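Me: I would like to learn how to read contacts that involve aromatic rings. Could you take me through them one by one?

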Amino acid sequence: MNSTTVRILDHRTPEEREREFLPGMGKPWLLPFYDVFSRFSGVRPLHDRAAALAGIAPGEIVLDVGCGTASLSLAVLRAQPAARVTGLDPDVAALRVAARKASRRRVPLTLVQGFADRLPTGDGSLDHIVSSLALHHVPDEARIRFGQEAFRALRPGGKVTIVDFGSADGADGATGTDGATGATGADGATGGAHGAGQAGGEGHQHGRGRTRGPGSRGGYGRVRGHGGAGEHGGAGRGHSAVAANPHTARNLEGGLLRLFTDAGFTDAREIAHVEHRYGPITFVQATRA
Ligand SMILES: C[S@@+](CC[C@H](N)C(=O)[O-])C[C@H]1O[C@@H](n2cnc3c(N)ncnc32)[C@H](O)[C@@H]1O
């Protein structure tokens, strides 16, 4: 799944070519601004932190699900240049940006056009699955299938490391931050490209140009300022906006932890948490037993 060059492969079935998806900034025409917003509102520290928390070893095979413009893939390669990384996303325009970034940095990266609920890899073939700010873009049933696909595609002992809007609070028995990695605050002060990118949008426009479903309630465009909550608090305005948005609300109260537990992972836990200005950000890790 890897090479010494940058390439884009198409993993879609004929049916998937017709399938809608929610692009990175809600509307396809906003894509050129995605990385600019990321840079200036501080999403990059989230990518770097997720890559550090993943702790990927040399030679490990890594899949970045919902990679978009591959910022997390590239963070993984900065943290572990000997990793073999593939990015998966349905948005070919984002993958083209990703390919240009990887080429400029002269790093090998395989990019695959496809969906989270059908991973482009064989059983037990991955060491690690990473994903940043993407799972809240995936519809409910596809998210469940993604959890099952992650379990199928990882080798025993393989891990998922996810960063997304969400929280562990209220999870049914799931653990919270582990203290060693769960410090917060610094990253939270950096702002959010993702939220800013959707500012002003009247809803998520899906990849084939139509707006529909829960996305019509908008992204994070009405969020202003810091959430104001403490390390694990949920009272801030950012938290309210994440709770009010049906895409991100699914990740609150242990939603991501349940996703992986239900898929058969034994130790899904929140390993870090950031109160971002656009809402609570959770870092979740789980091991395939
Ligand atoms: C907010 S962007 C995050 C991109 C990147 N991971 C980052 O952190 O910058 C969300 C990404 O999820 C992708 N996406 C939407 N639906 C998806 C699906 N069903 N499967 C995989 N990715 C999906 C979008 O195309 C978009 O690139």
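**Charges over rings, then ring pairs**

Reply: The charged end of Arg 19 sits over the ring of Phe 115, 4.0 Å from its centre; a charge counts as over a ring if NZ of Lys or CZ of Arg is within 6 Å of the ring centre and within 35 degrees of the ring normal. Arg 49 likewise lies over the face of Phe 283, at 5.4 Å from the ring centre. This is a predicted model, in which local features need pLDDT of at least 70 and side-chain atom pairs count only at pLDDT 80 or more, while totals for chains, interfaces and linings use all residues. Residues are numbered from 1 along each chain as its sequence is written, and side-chain values use heavy atoms, with hydrogens and water left out.

Me: How many aromatic pairs does the structure hold?

Reply: Rings of Phe, Tyr and Trp (its six-membered ring) pair if their centres lie within 6.5 Å, with planes under 30 degrees apart counting as stacked, over 60 as edge-to-face and the rest as tilted. The structure holds 4 such pairs, and one of them, edge-to-face, joins Phe 146 and Phe 260 at 6.1 Å centre to centre, with 80° between the planes.

Me: Which parts does the pair of Phe 146 and Phe 260 tie together?

Reply: Helices (H or I, at least four residues) and strands (E, at least two) are DSSP runs, numbered from the N terminus. Phe 146 lies in helix H6 (residues 140-153) and Phe 260 in helix H10 (residues 255-262), so the pair links parts 114 residues apart in sequence.
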